Every structure is written in C-alpha cells, then in structure tokens.
Amino acid sequence: MKKFLLYLIPSLFVLASFLIMTGGGWLKGPFGDDDDLLSYVEEIEVYVKAEKWEEAQQEQRKAENAWKRISKRVQYSVERDDMMAIAESLHRIKGGIEVQDAATVFPDIYYFYGIWNALG
Amino acid sequence: MQEPLVVIVRAVITFFTILLYSRLIGKQLIGNFTMFDYINGITIGSIAATLATDISSKALVHWVALTVFLVLTILLQFIGLKSRYLSKIQDSEPVVLMQRGNMLEKNLEKARITKDELMQQLRSKNIFSPIEVEVALLEPDGTVSILPKSQYRPVERGDLNLPFQPSKLTTELIYDGKVIAQNLEQRKKSKDWLMNQLKMHGIHSLEEVSYAAVLPNDQLYVDKYDDHVGDDMNISDYKGPY
C-alpha cells in the first residue's frame with residue numbers, strides 16, 4: 001500500500017500540474033449562462049454590421065463581465081500578454097461602439113478572434 | 001490577472017516538480033559533481049525559477065524544458081552505466097598531476113591548474129611537502145586525490161599485526177521515546193535487554209529517553225530529555241535574547 005501511494009501521489013501531482021498548465025484551451029469555453037465570451041463578440045459583430053449600437057453596447061457589457069470570469073479560470077495556463085490583449089481589444093471595441101464607428105470596431109473584433117483562437 | 005495568486009500556484013508546481021525530478025535524477029548530482037552536473041544543475045534551477053515567476057510566458061513551456069533536461073540527464077546516466085567508454089567521454093578521466101614527488105607540468109597545463117592551486121589542494125589534505133606525494137590525481141568531479149609515499153603514510157593496525165574487530169555501525173534503538181523494533185532485531189537484541197540496560201542507566205520509562213543507540217562495541221548510548229546541564233559551558237557573552 002505504501003509503495004502504491006509512493007507512486008500514486010507523485011503521478012497525481014504531475015497529472016494535476018499538467019492539467020493546470022494546459023487547461024486554458026477548455027477553461028476558456030462557457031461554463032454557465034453568462035460567460036460565453038466568443039458568442040457575445042460574434043453578436044457584437046452582427047449588431048455593428050446592422051448598426052444597432054444600443055444592442056451592441058449591451059453585448060459588449062456582457063462580454064466584459066464574461067471575460068472577468070473567464071480570466072480567473074485561464075490565468076494559470078495562458079500568457080499574461082494574451083490576457084492583456086483580450087482585455088485591450090474589448091476596451092477598444094467599447095470605444096468604437098461609443099462613437100458608433102464600425103470602421104474602428106471591426107479590426108478589433110477580428111483581432112479578438114485571432115487571440116481567442118490561440119488562447120489556451 | 002491576479003498575479004500573486006498565479007505566482008503562488010506556479011511556485012507550488014515548481015517546488016514539488018523539482019523535488020520529484022531531483023529524486024528521479026538520484027543522489028549522483030551531489031555525490032559526483034562533474035562540470036557537466038554543475039552546469040546542468042544550474043540550468044535546471046534557472047528554468048525552474050522562470051517556471052515559478054515568469055508569468056509573461058506559459059508555464060507549460062518551462063515545465064516541458066525542465067522535463068526534457070530530466071529525461072536527458074537520466075538518459076546520459078543510463079548510457080554511462082551501459083558503456084564505460086561513453087561514460088568517460090561524458091565525465092572525462094582522472095588526470096595525474098604529480099608522480100613520485102614531481103609535478104607534471106604538461107598535465108597541469110592540460111587541466112588548467114596552477115602550481116599554487118595544486119599546493120593549496122595538497123595542504124588541504126594535510127600534505128605540506130610535495131616530496132611526500134606518490135601520486136596526485138585530478139578526479140572528474142574536480143577534487144584532487146592524493147596517495148602519499150609509503151614512508152609518509154600513518155601506521156595502521158594491520159601494519160603492526162595488532163588484533164582487530166570487524167567494523168560495525170551505530171544502530172539507533174530509541175528515537176523520541178519510541179523503540180525502533182526493526183533495528184533492535186537487526187542487532188539481535190530483545191526489548192527486555194533494552195529495558196534492563198535502561199534500568200542500569202537509572203531510566204524506568206521510555207518517555208524519558210530522547211535517543212538511544214547500540215554502539216559498534218555493543219554498548220548502549222542513552223540520551224535523556226533531562227540533560228542536567230549547567231551554565232559553565234555557555235559561550236555567550238551577553239544575556240540576550242538576540
């Protein structure tokens with residue numbers, strides 16, 4: 001039994017460490033009703049195309065709240081620069097919606113998609 | 001990002017990873033510290049420090065590097081075990097620095113050791129005259145092994161044909177008031193024998209004993225919690241506390 005535990009505990013530790021370090025890929029996905037960040041940004045894209053600025057603003061708020069939740073989950077496995085880039089892109093999208101300028105919002109939405117895909 | 005929290009988690013992962021990996025590498029790293037082991041150890045330490053604190057990059061990247069170093073180190077250990085020739089390529093061979101009292105300048109130069117450093121090594125081995133040296137070797141781990149000439153070697157029991165007993169170890173029997181049954185059995189002693197011996201030392205309960213061991217001459221050494229030590233050996237100059 002002692003020998004079994006001697007191998008089991010370090011193996012579990014390595015496994016747990018590995019999961020913590022690689023978990024970003026699946027931890028960024030939605031775990032509840034209000035943390036589907038990707039779908040909120042996709043909604044923003046749809047509303048901005050249709051020039052529905054109020055709806056886009058609401059989705060942007062949801063996206064920011066979702067990121068607050070997700071960032072706490074993924075912070076152990078992703079690079080700090082990527083996390084800052086996501087927060088930055090969300091702020092820039094917010095600014096673009098505020099001045100109702102689709103030309104500034106779209107580059108940031110696609111910048112967000114790029115980082116989001118690589119996150120994890 | 002909650003930086004302190006991330007660093008705590010990464011530091012815990014790093015701490016136990018290096019504990020585990022150093023156990024897997026084995027005691028060789030401390031016992032036989034060649035130049036390669038030295039640099040390898042420093043590099044592993046450096047990667048581990050980055051894994052714990054560099055949150056600008058993924059933890060996994062550093063963890064993988066650490067694991068690659070572990071795997072390569074163990075691989076080289078196995079290669080060294082299987083092939084003596086490759087082991088010598090890895091760790092180099094001992095170099096003769098002195099022979100029959102003569103310094104071998106070519107070898108000293110090859111090993112990049114000055115005569116001053118050699119003399120310092122001799123002095124550290126209690127040899128104050130180079131003439132006493134039969135042979136001095138520079139080992140792969142950087143230490144200098146010295147064989148003194150036979151006329152300068154200390155006399156041993158065997159030289160004088162004196163009777164000698166086989167060497168034994170000191171075996172612990174009681175630690176913090178608890179009897180170590182396995183060791184008692186190993187030295188072929190019973191618990192009754194132990195209790196009788198303790199009684200002879202004026203001890204009536206195991207709880208009084210901090211440490212007890214059978215010495216190589218089969219005598220029992222006992223250390224009680226109650227030390228009865230006076231102040232006459234106190235080397236402190238002031239009352240303190242400091």
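**Ground rules.** I number residues from 1 along each chain as its sequence is written, with chains lettered from A and ligands numbered from 1 in the order in which they are written. In this predicted model, local features need pLDDT of at least 70 and side-chain atom pairs count only at pLDDT 80 or more, while totals for chains, interfaces and linings use all residues.

**Chain A, overall.** I looked up the elements first (DSSP runs numbered from the N terminus: helices are H or I of at least four residues, strands are E of at least two). Chain A has six helices and zero strands, so I write its order from the N terminus as α-α-α-α-α-α. Its C-alpha trace spans about 65 × 25 × 15 Å along the principal axes. I then looked up the radius of gyration, taken over C-alpha atoms; the globule rule is 2.2 Å times the number of residues to the power 0.38. Chain A has 18 Å, whereas a compact globule of 120 residues would have a value near 14 Å.

I next looked up burial (buried: 20 or more other C-beta atoms within 10 Å of a residue's own; exposed: 12 or fewer; partly exposed: in between; C-beta atoms are placed from the backbone). Of the 120 residues in chain A, 28% are buried. For contacts I used C-beta atoms, placed from the backbone, within 7 Å. Among contacts in chain A between residues at least 6 apart in sequence, 66% join residues at least 24 apart.

**Cores.** A nonpolar core here is a set of buried Ala, Val, Leu, Ile, Met, Phe, Trp, Tyr and Cys residues joined through C-beta atoms within 7 Å. The largest has 21 residues, and A:Leu37, A:Tyr40 and A:Trp67 are among those with the most contacts inside it. The elements giving two or more residues to this core are α3 (37-49), α4 (53-74), α5 (80-98) and α6 (102-118) of chain A. I followed A:Tyr40: leaving out residues up to four places away in sequence, A:Tyr40 touches A:Glu59, A:Lys62, A:Ala63 and A:Ala66. Another core, of eleven residues, lies apart from the largest one and includes A:Met21, B:Ile47, B:Leu51 and B:Ala52.

**Between the chains.** I found 15 residues of chain B in contact with 15 residues of chain A. On the chain B side, α1 (3-25) and α4 (59-82) are the elements that give two or more residues. α1(B) gives the most, with six residues.

Two strands pair if DSSP finds at least two bridges between them. β1 (residues 95-99) and β3 (residues 133-138) of chain B pair in the antiparallel sense over four bridges, and B:Val96 stands opposite B:Leu137. β1(B) also runs antiparallel to β2(B) (residues 102-103), joined by two bridges; there B:Met98 has B:Met103 as its bridge partner. β1(B) and β2(B) form a hairpin with two residues between them, and B:Arg100 in the turn has a positive phi of about 45°.

**Chain B, open sheet.** Which order do the four strands of the open sheet have? I read β6-β5-β7-β8 (chain B), with antiparallel pairing. β6 (178-179) and β8 (220-224) of chain B are the edges with a single partner strand each, so one side of each has no neighbour in the sheet. β5 (residues 171-175) and β7 (residues 209-214) of chain B are joined by four bridges, and B:Tyr175 is the bridge partner of B:Tyr211.

Note on methods
Two residues are in contact if their C-beta atoms, placed from the backbone, lie within 7 Å.
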